[in-house]
Amino acid sequence: MKAVVLAGGEATRLRPLTCNIAKTMVPVLNHAFLEHVFGYLKKHNVSDVILALGRQSDQLQSYFGDGSDFDIKIVYSVEDFPMGTAGAVKNAERFLDSSFIVFNGDVFTDIDVTAMMNLHQEKKASVSIALTLVENPTIYGVVETDEKGRVKRFIEKPSWDKVTTNMINAGIYILEPGILNYIAPEAFSMFEHDVFPALLDKGDAIFGYSSDAYWIDIGTPEKYLRLNHDLLHRHISDEGVRFEGESVIHPAAQIEGPVIIGEGSFVGKNSIIKGPTVMGARCRVEEFAFIEGSVLWQNCRVGKEARLRNCVVASNCHIGDEAEVLDNCVLGDNVRIGNGNKLAKGIRIWPNKAIEPSAISF
Ligand code: GTP
């Protein structure tokens, strides 16, 4: 089975991390996010991918090429303008001639898509939609099903008094190619609003595949950070430290896992790095610095006695001596935080900004 991976969105909510790179390229455990998606698809014997891209297509095409370096076959379907989730699949119609998967390119999950395919065939469905349970369905597309799993109703972002189920559309579909006839060519359309409700009205067999397996989308920095934490706990033991190449660690530095340290890094005397934390390649942590629960991309410098806690720091950032970056702060690429500054409570700093020393920012 082929998979169309949707990776042409604007990624506005993940800014400033996505000011310079596509959402699907942001590093998770030091690998481009899409590499994790490809790993998942291959596990389910899907090795033919159509990447549906927009604006940042050059970046992805030059990184992934024909996919051979990643042991997967990739072809590209590039949109001249954002066509929406359904419009993007219609645009890739020339590659699709039998049942296929559509996968939102910002989702990380353990949902058993093989079992979903089996159910799709067993039910002779024209559309199957993976459903996942969330605590707060009011910000998602809710999908109501009957006792046999047949979809009864779609409700977009219901208010609490309209919530009848916590099962939401997980952004993974299996479609029969005939569905493409119901999507307008060369136009913007969304499965959630324009296609699935119309198919339901027409009486098509749309089934939900409910799963309680792990599922998260990296749509916001908070969820991006959470995925990194979850995967660090999953792949590295609580005491574990993974070095991805040669690094220099001062004997008086303290590292408590789960931590990943990218190659060519330096961790100075009496500094402390506490997991779950991931540092990209060529980072430099000066003495008495403290880092906990954070994600740093490559080439970052953390100054003497600086503190980072539960934050995301993109590439080439410079955190000054005694500066603090805490609690869901997010720094874009090439940001300089001057000595002694204190950032907290989810402050986001756009790329290339320099905050003068001791210009306290909260
Ligand atoms: P926000 O701007 O933060 O809402 O992010 P987004 O643009 O990525 O939108 P959303 O999170 O709703 O998209 C879910 C998935 O569909 C992501 O993987 C997007 O890349 C993808 N997507 C959304 N719109 C389009 C589109 O017009 N074309 C393509 N090819 N993919 C899209």
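Strand 16 and strand 19 (residues 272-274) run parallel and are joined by 3 bridges. Strands here are DSSP runs of E with at least two residues; helices are runs of H or I with at least four residues, and both are numbered from the N terminus. The model is predicted: local features need pLDDT of at least 70, side-chain atom pairs count only at pLDDT 80 or more, and totals for chains, interfaces and linings use all residues. Residues are numbered from 1 along each chain as its sequence is written, and side-chain values use heavy atoms, with hydrogens and water left out.

Within this pair of strands, Glu256 stands opposite Lys274 of strand 19. The open sheet contains 6 strands in the order 16-19-22-25-28-31, with parallel pairing. Two strands pair if DSSP finds at least two bridges between them. Strand 16 (254-256) and strand 31 (342-343) stand at the edges with a single partner strand each, so one side of each has no neighbour in the sheet.

The largest nonpolar core holds 62 residues. Such a core is a set of buried Ala, Val, Leu, Ile, Met, Phe, Trp, Tyr and Cys residues joined through side-chain atoms within 4.5 Å. Buried means under 20% relative accessible area, exposed over 50%, and partly exposed in between (1.4 Å probe, protein chains only). Leu41, Leu51, Phe64, Ile172, Tyr224 and Trp297 touch the most other members. Helix 1 (residues 33-43) supplies the largest share, 6 residues. A second, separate core of 30 residues includes Cys283, Leu296, Ala323 and Ile355.

Thr165 lies in the loop between strand 10 (151-156) and strand 11 (167-175). Thr165 is buried, at 17% relative accessible area. Its side chain reaches the backbone nitrogen of Met167 at 2.9 Å. This is a polar contact (N or O atoms within 3.5 Å; within protein, one able to donate a hydrogen and the other to accept it; residues adjacent in sequence count only if both atoms are side-chain atoms).

Most residues other than glycine have a negative phi, and most peptide bonds are trans. The bond from Arg15 to Pro16 is cis, with omega near 10 degrees. Pro16 is in the loop between strand 1 (2-6) and strand 2 (27-28). The bond from Gly275 to Pro276 is also cis, with omega near 0 degrees. Pro276 is in the loop between strand 19 and strand 20 (277-279). Asn328, not a glycine, has a positive phi of about 65 degrees. Asn328 is partly exposed, at 34% relative accessibility.
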